[in-house]
Amino acid sequence: MKEKIMLVDVSKCTACRSCQVACKNWNELPADQTENQGSFQNPPNLNPHTYTLIRFQEVEEGSSGIKWHFRNDKCYHCTEPGCMKVCPVPGCIFKTPEGAVVLDSAKCIGCKYCYHACPFAIPQFDDATEKMYKCTFCYDRQAEGLIPACAKACPTGAITFGDKDDMMTAAYARAKKLGGGATVYGDRVLGGTHVMYVLTEQSSVYEKLPVDPKISLSVVLWKDILKPLSMFSLLGGIGASLLYYITKGPKRPTFEEGGEKHE
Amino acid sequence: MNKVTHSGYELIEVTTAFERIVHWLFAGSCVLLFISGFGLMFHWMSFIATLFGGHYALKYVHNFSGLLFALSGLFAVIVWFQEGARFTQNDIRWFSKGGGYLWTKEGVPESGRFNAGQKLYYVLKAVTWVLMSLTGIIMWFPFLFGRFLVTLCYPIHVLCVAVLAGSVIIHLFLGTAGNPGTIQSMLTGRCTRAWAKLQHGKWLKEYDEKHHA
């Protein structure tokens with residue numbers, strides 16, 4: 001099994017939202033009744049039954065008026081996923097050899113740790129089922145030799161999917177060809193993400209796209225330092241007590257013959 | 001004054017029934033929280049989840065024993081505040097002798113109803129009670145608070161675990177096998193005079209002044 005990359009070339013995206021529909025179709029997710037929020041972005045954000053979304057961003061440009069940025073957003077499938085680091089249930093969040101980070105919602109207990117541990121705040125909580133949901137990288141399709149539904153449905157080639165080496169080469173070649181401020185996003189963050197972008201501008205231009213996403217210091221402190229320390233403390237307490245008992249022994253009261261005199 | 005002879009076996013009441021109820025509610029919640037918390041924190045301890053009917057059930061065991069912890073802890077912190085939070089010169093001398101437990105048995109000052117070590121344990125419990133309850137509630141409802149605050153709560157919660165795990169084990173040891181007779185103070189509330197003389201000499205003197213003057 002080779003590591004795979006999904007490359008999202010925002011310069012080719014026409015915001016047709018085929019990816020959104022294909023995702024709902026494959027994952028059997030219901031449509032959302034939404035309200036007009038003054039944007040074509042619909043639904044307004046990722047939610048428990050919307051694993052992928054085209055973000056519509058309007059940017060004002062001096063003479064020519066307005067420019068659109070269309071960006072397909074979803075789970076980035078990090079090599080070092082924050083969600084998996086904090087999940088308390090074994091096997092609930094797991095990685096596949098291809099690079100998918102899968103959240104098995106059936107096992108989810110709704111602790112919501114993953115939401116805040118994810119640098120992109122991707123996992124979405126469903127109040128009805130009390131479980132988290134997110135993009136699965138279509139790992140079930142991949143297991144059958146199919147490419148993810150969104151990539152399959154994309155009519156313009158904005159979403160492509162393939163072996164890591166090929167996609168990396170393609171990403172940098174495309175960014176170079178686009179020129180200007182075009183950049184590649186994803187390979188240098190969180191151990192390398194399996195969803196990468198070719199952006200036409202600096203990553204800071206895009207909404208909801210952290211320039212330097214990191215697993216927060218709190219999570220690192222929690223899971224890498226304090227968690228082992230608490231086990232050390234528990235075992236240390238047991239060890240110290242046992243050692244004390246067998247070396248110094250208990251402190252026993254003495255019961256004097258005939259009782260104690262007291263004035 | 002009349003001379004009174006006491007047997008070392010004579011039982012005297014060291015704690016009130018209310019104190020014992022508060023103690024066991026607080027202690028029971030702590031034990032449940034430790035077991036469920038470790039079961040949630042360490043994947044290899046999943047057998048704990050199995051025992052309670054799965055991780056989902058274990059989460060709620062943790063959350064609701066947390067509520068009991070917060071409530072009983074409030075009473076515990078109040079009930080023992082007078083004795084637990086007030087350190088004296090005597091306590092500093094007690095610490096300097098390691099309470100007679102470690103490097104010397106000589107020159108340990110007699111203690112009141114709480115010795116200096118117990119006071120230290122009170123302070124640890126009081127501080128972690130506040131931190132655990134606050135961070136626990138925020139972690140239970142993470143969508144009601146900002147990301148920064150919520151993520152700050154995780155390490156604080158587990159820092160308290162690290163502080164408490166060892167202290168609670170030592171508290172258990174010192175209250176049972178380490179000091180025979182002590183557990184009675186939290187069961188029937190009545191201990192022997194010989195025990196009181198050894199463990200809380202100053203308190204015994206005050207007790208006698210009050211009861212046999």
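A: Let's start with chain B: of its 213 residues, 34% count as buried in this predicted model. Its secondary structure comes to ten helices and three strands. The C-alpha atoms of chain B fill a box of roughly 70 × 35 × 30 Å along the principal axes. If you take the contacts in chain B with a separation of 6 or more, 61% of them join residues 24 or more positions apart.

Now to the core itself. The largest nonpolar core has 89 residues, and within it A:C83 and A:C114 touch the most other members. Chain B has a clear part in this core too: helix α7 of chain B, residues 147-175, supplies the largest share, twelve residues. On the chain A side, domain 1 (13-156) and domain 2 (216-247) both give residues to the core, so it lies between them. As general background, nonpolar side chains tend to be buried together in soluble globular proteins.

Leaving out residues up to four places away in sequence, A:C83 touches A:I93, A:V101, A:L103, A:C114, A:A117, A:C118 and A:P123. A:C114, then, is both a partner of A:C83 and, along with A:C83, one of the two residues that touch the most other core members. There is also a second, separate core of seven residues, and B:V14, B:A196, B:W203 and B:L204 are among them.

The contact takes 38 residues from chain A and 43 residues from chain B. On the side of chain A that touches chain B, the elements giving two or more residues are α3 (113-117), α7 (217-247) and β11 (260-262). Of these, α7(A) gives the most, with 17 residues. By type, the residues on that side of chain A divide into 19 nonpolar, eleven polar and eight charged.

Notes. Residues numbered from 1 in each chain as written. Chains lettered and ligands numbered in written order. Predicted model: local features only at pLDDT ≥ 70, side-chain atom pairs only at ≥ 80, totals over all residues. Contact = placed C-beta atoms within 7 Å. Helix = DSSP H or I, 4+ residues; strand = E, 2+ residues; numbered from the N terminus. Nonpolar A, V, L, I, M, F, W, Y, C, P; charged D, E, K, R; others polar. Core = buried A, V, L, I, M, F, W, Y, C linked by C-beta atoms within 7 Å. Buried ≥ 20, exposed ≤ 12 C-beta atoms within 10 Å, placed from the backbone. Domains from an automatic or database assignment.
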